[in-house]
Amino acid sequence: MEILVIGALVFIIILGMAWIVTLVRKVGPNQALIIYGLGTGGTPKVIKGGGALVVPLLQSARELSLELMSFDVAPTQDLYTRQGVSVNVEAVSQIKIKSDPLAIRTAAEQLLTKTPIEREGLIRLVMEGHLRGIVGQLSVEEIVKQPEMVADRMRATSADDMDKMGLEIVSFTIKEVRDKNEYITNMGRPDIALIKRQADIATAEAERDTAIKRAQAMRESAIAQAQADQERVLAETASAAKQAEAQRDLEMKRADYMSAVRKQQASADKSYDIQANIMQQQVAAEQVRVERVQREEQILVQDAEIKRRERELVATVLKPAEVERQRIETIAEAERQRHVLAAQGDAEAARLAGKGTADASRDVGLAEAEVIRAKGQAEADAMHLRAGAFQEYNQAAILDKLLTGLPDVARAMSSPLNNVDKITIVSTGSNDGRGAGANQITADIARMIAQVPELIETLTGVKVGDLMSRVAGLDGAAPQNGSQPPVSSSRPVIDGTATPMPPHDAKSEG
């Protein structure tokens, strides 16, 4: 039972609290709550931006908006100015209720039950009346040219009436001023003409000043341009001089560099040429050594061949010729003895027969002459055979003497170089190895040796080339006795003619 009582009490308390909450009235900062009735003392209570408890049946509450009211002030009738000119003035005004409680109560007394449209209509009538009075005191020029002055007068004149309604004018702005007689349009024409005349004068003066300034500027520009051209020419000249100096320095440095490169290249080329010449000399020395060995071997072979031919010549020509000569001489001597003896016998017989001494002497002389003729014929035949043998052998002997003497000539020509310790070569020739550098020395010696055959031809009248050609023809012919020709596989080249290797010695024939 007690629980039920407690629950009922709690429920009653909650319902009471909810009811009390519903009795609280709240308004925002843009509103004012006007509470009137029991407990207000006959003066409405004003609550702005807050809340209050309103007791039902005892009190009533109405909300009043404090927001800004904006509306156009545009009288439908034309307003007459001080000059009697009818104009139509359209303005915009912003009005609000003051924030103090007294002004709110005043506004509430007059406007609380009116709708917003009714409020604006009431306020617009008041504003239009004050605007008509202010326009009647002003001229069209003042209204058009001094709209702020009109607005200030409007606020000052309407302030009392607005204050009586609890209102205040926040702003008043004239939007447009119009007239039906084009007074406003014509009002500015004199000023416009004056302004245009002044503008034309100002334009002419400005053009004159501009032309003067332009002429002065052009003159100054021409002077500056001339000075700039002079400075440019001077700068270009200086720049060209600097560039020429830089180019000269560059060319000099390039020339120095190229000179150093050429010197280094020349040194490298000379080193290469010297090394190549050394290697060539070594190869040439080796070739000379090989050729010398081959030549010595060929000399030995040709010496053997010469000895063989000597023996063959002696055996086949000289000895038979000598034997034939001795035989002929013996026969001639025997014939002479026989004739002498015969002559002596005949002489003795003639003497004995009584012939004269003269005939006997004649017979003896004839016998001796016959013997001498026979002996001379034998000697002539022997000499003819000997001449034939030497005709074949003499060319080889001459060639042998010539070729065996050439090494001595070359040795004699190059012997002064043995006394030279160091050779400095200054050559400006090409590097192709022909007549340049160290090759020049060997080339000069080779040319000197090559002139030896011409020297022999000049001294003896015998052409070495013809002699060697004949010897080559004899070597190529088959021997009469069927023997093999001498070996001539290696033939040195002198003055462009290939010659057979000379015999080692031909003095034995001589």
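This is a predicted model: local features need pLDDT of at least 70, side-chain atom pairs count only at pLDDT 80 or more; totals for chains, interfaces and linings use all residues.
**Start with confidence**

Colour the chain by pLDDT and pick out two elements. Strand β10 (residues 493-494) has the lowest mean pLDDT among the elements of the protein, at 35. Helix α5 (residues 147-164) has the highest, at 88. Across the protein the mean pLDDT is 75. A value of 70 or more is reached by 74% of the residues.

Now select residues 476-510. Here pLDDT stays under 50. The model has 73 contacts beyond four places in sequence for this stretch.

**Zoom out**

Show the whole chain as a cartoon. There are 11 helices and 11 strands. Of the 510 residues, 24% count as buried. Among contacts with a separation of 6 or more, 73% join residues 24 or more positions apart.

Select Val-5, Leu-9, Phe-11, Ile-12, Ile-13, Leu-15 and Met-17. Together they make a nonpolar surface patch of about 710 Å². Centre on Leu-15, which lies in helix α1 (residues 2-23). Leu-15 counts as partly exposed, because its relative accessibility is 45%.

**From β1 to β5: a bridge**

Arg-25 sits in strand β1 (residues 24-26) and Glu-63 in strand β5 (residues 59-65), so the bridge ties together parts 38 residues apart in sequence. Both ends are partly exposed: Glu-63 has a relative accessibility of 39%, and Arg-25 has 30%.

**One step along β5: Leu-64**

Stay in strand β5 and select Leu-64. Is Leu-64 buried or exposed? It is buried, with a relative accessible area of 0%. Which residues does Leu-64 contact, leaving aside neighbours within four places in sequence? They are Asn-30, Gln-31, Ala-32, Ile-34, Ile-97, Ile-104, Ala-107, Ala-108, Leu-112 and Arg-119. Draw a distance from Leu-64 to Leu-112. Their C-alpha atoms are 6.5 Å apart in space, while the residues are 48 apart in sequence.

**Helix α3**

Arg-119, a contact of Leu-64, is also one of the buried residues of α3. Select the whole helix, residues 116-136. It has 21 residues and reaches 30 Å from its first C-alpha to its last. That is close to the 30 Å expected at 1.5 Å a residue.

Show its buried side chains: Arg-119, Ile-123, Met-127, Glu-128, His-130, Leu-131, Ile-134 and Val-135. As a reminder when looking down the axis, an α-helix has 3.6 residues a turn, so residues three or four places apart point the same way.

Pick His-130 in helix α3. His-130 counts as buried because its relative accessible area is 15%, under the 20% cut-off. Beyond residues up to four places away in sequence, His-130 touches Met-154, Thr-157, Ser-158 and Asp-161.

The structure holds 14 salt bridges.

- Select Lys-180 and Asp-78. Their side chains meet in a salt bridge of 3.6 Å, N to O. Lys-180 lies in the loop between β9 (167-178) and α6 (183-187), and Asp-78 in the loop between β6 (69-73) and β7 (79-80), so the pair ties together parts 102 residues apart in sequence. Lys-180 is exposed, at 69% relative accessible area. Asp-78 is partly exposed, at 24%.
- Select Glu-90, Lys-175, Glu-176 and Arg-178. Salt bridges link these residues in a network.
- Select Glu-251 and Arg-254. Their side chains form a salt bridge at 3.6 Å, N to O. Why are they about one helical turn apart? Because they are 3 residues apart in helix α7 (residues 189-353). Glu-251 is partly exposed at 36%, and Arg-254 is partly exposed at 42%.

Definitions and conventions:
Residues are numbered from 1 along each chain as its sequence is written. Side-chain values use heavy atoms; hydrogens and water are left out. Helices (H or I, at least four residues) and strands (E, at least two) are DSSP runs, numbered from the N terminus. The expected span of a helix is 1.5 Å times one less than its number of residues. Buried means under 20% relative accessible area, exposed over 50%, partly exposed in between (1.4 Å probe, protein chains only). Contact means heavy atoms within 4.5 Å. Patches are made of residues with over 30% relative accessible area and no salt bridge: like charges are joined within 9 Å, nonpolar side chains (Val, Leu, Ile, Met, Phe, Trp, Tyr) within 5 Å. Accessible areas come from the Shrake-Rupley method with a 1.4 Å probe; for residues, only the protein chains shown count as cover. A salt bridge is a side-chain nitrogen of Lys or Arg within 4 Å of a carboxyl oxygen of Asp or Glu. pLDDT is the predictor's confidence in each residue, from 0 to 100.
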